[in-house]
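This briefing covers selected local features of one protein model. Please look at the sequence and the structure before reading the points below.

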Amino acid sequence: MDKKETRIAICPKCGRPYHGAPALSRLDNETLICSDCGTREALESIGVSASEQEQILNIIHRYDDPYREEVTSVEEELALGSVPVSVAAKVYGKDPCWVRAGIIAGWLPIGRATRDGKLITSIEQMNSRYGRISYYISPKLLYEQTGYIWKGKNRE
C-alpha cells in the first residue's frame with residue numbers, strides 16, 4: 001500500500017498552515033503563500049472587495065476540495081477524545097502557548113478552551129489566578145487544518 005506524505009507549510013502572509021501546491025505572491029514574485037492568499041491577491045488586483053473575496057473562497061472550498069474523499073476515509077482512523085496541546089504544538093512546529101492563545105483568540109479553529117464549563121474567548125482570561133483552563137482539541141479539526149492524523153496516546 002502506498003503512503004501519501006503530506007507536507008505542511010505555514011503561509012507567511014496569513015500565518016495559517018496549508019498543504020498542497022503553494023501560490024507565488026503577486027507582491028514580490030518570490031514568496032510562496034497558501035492558495036487562499038494567492039486567490040485573495042488575484043481578486044484584489046482586479047478590484048474585488050474583501051467581503052466578495054471571502055464569498056468566492058467559500059464557494060471554492062465548497063465545490064473544489066480535492067481532499068473531500070480523503071477526509072471521509074481518514075475520519076475512521078481518528079481517535080476519539082482530545083488531542084493534547086503538546087501534540088498540536090509539535091504538529092504546527094510552535095510552542096504550546098501559541099496553540100492555547102490561538103484557540104482562545106479564535107484564529108486557530110481546532111478546538112475550545114473552557115473554565116468551569118464556560119467558554120474562554122479572550123487572552124485576558126488566560127490569567128491563572130482565575131483558575132485552570134481546560135482545552136479540547138478536535139482530532140478532526142486538527143486533521144482538516146494540517147493533515148495530521150491523531151490516533152490516540154497509545155497508538156500514535
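Which residues of helix H5 (residues 96-105) are buried? They are Val 99, Ala 101, Gly 102, Ile 103 and Ile 104. The model is predicted: local features need pLDDT of at least 70 and side-chain atom pairs count only at pLDDT 80 or more, while totals for chains, interfaces and linings use all residues. Residues are numbered from 1 along each chain as its sequence is written, and side-chain values use heavy atoms, with hydrogens and water left out.

**Helix H5**
- Helices (H or I, at least four residues) and strands (E, at least two) are DSSP runs, numbered from the N terminus.
- Buried means under 20% relative accessible area, exposed over 50%, and partly exposed in between (1.4 Å probe, protein chains only).
- The cover over the buried residues of H5 includes H4, strand E5 (111-115) and strand E7 (134-137).
- At the start of H5, the backbone nitrogen of Cys 97 has a side-chain oxygen of Asp 95 within 2.9 Å.
- Gly 106 follows H5 and has a positive phi, near 95°.

**Helix H4**
- Ser 86 belongs to helix H4 (residues 85-92) and is partly exposed, at a relative accessible area of 42%.
- Between Ser 86 and Pro 96 the C-alpha to C-alpha distance is 5.7 Å, although they are 10 residues apart in sequence.

**The sheet**
- Three strands form an open sheet in the order E6-E5-E7, with antiparallel pairing; two strands pair if DSSP finds at least two bridges between them.
- Strand E6 (118-119) and E7 are at the edges with a single partner strand each, so one side of each has no neighbour in the sheet.
- The antiparallel pairing of E5 with E7 runs over 4 bridges, and Gly 111 is opposite Ile 137 in E7.

**Second largest pocket**
- This pocket has a volume of about 180 Å³.
- Its lining consists of Ser 82, Val 83, Pro 84, Val 85, Arg 100, Arg 132, Ile 133 and Tyr 135.
- A pocket is an open set of points on a 1 Å grid over the protein atoms alone, where a 1.4 Å probe fits, with protein on both sides within 12 Å along at least five of seven lines; lining residues have an atom within 4 Å of a point.
- By class, the lining has 5 nonpolar, 1 polar and 2 charged residues.

**Helix H2**
- Gln 53 sits in helix H2 (residues 50-63) and is buried, with a relative accessible area of 6%.
- Leaving aside residues up to four places away in sequence, Gln 53 touches Arg 40, Leu 43, Glu 44 and Val 48 (contact means heavy atoms within 4.5 Å).

Conventions
A polar contact is a pair of N or O atoms within 3.5 Å; within protein, one must be able to donate a hydrogen and the other to accept it, and residues adjacent in sequence count only if both atoms are side-chain atoms. Grid points are joined across faces, edges and corners, and a volume is the space filled by probe spheres set on the points. Ala, Val, Leu, Ile, Met, Phe, Trp, Tyr, Cys and Pro count as nonpolar, Asp, Glu, Lys and Arg as charged, and the others, Gly among them, as polar.
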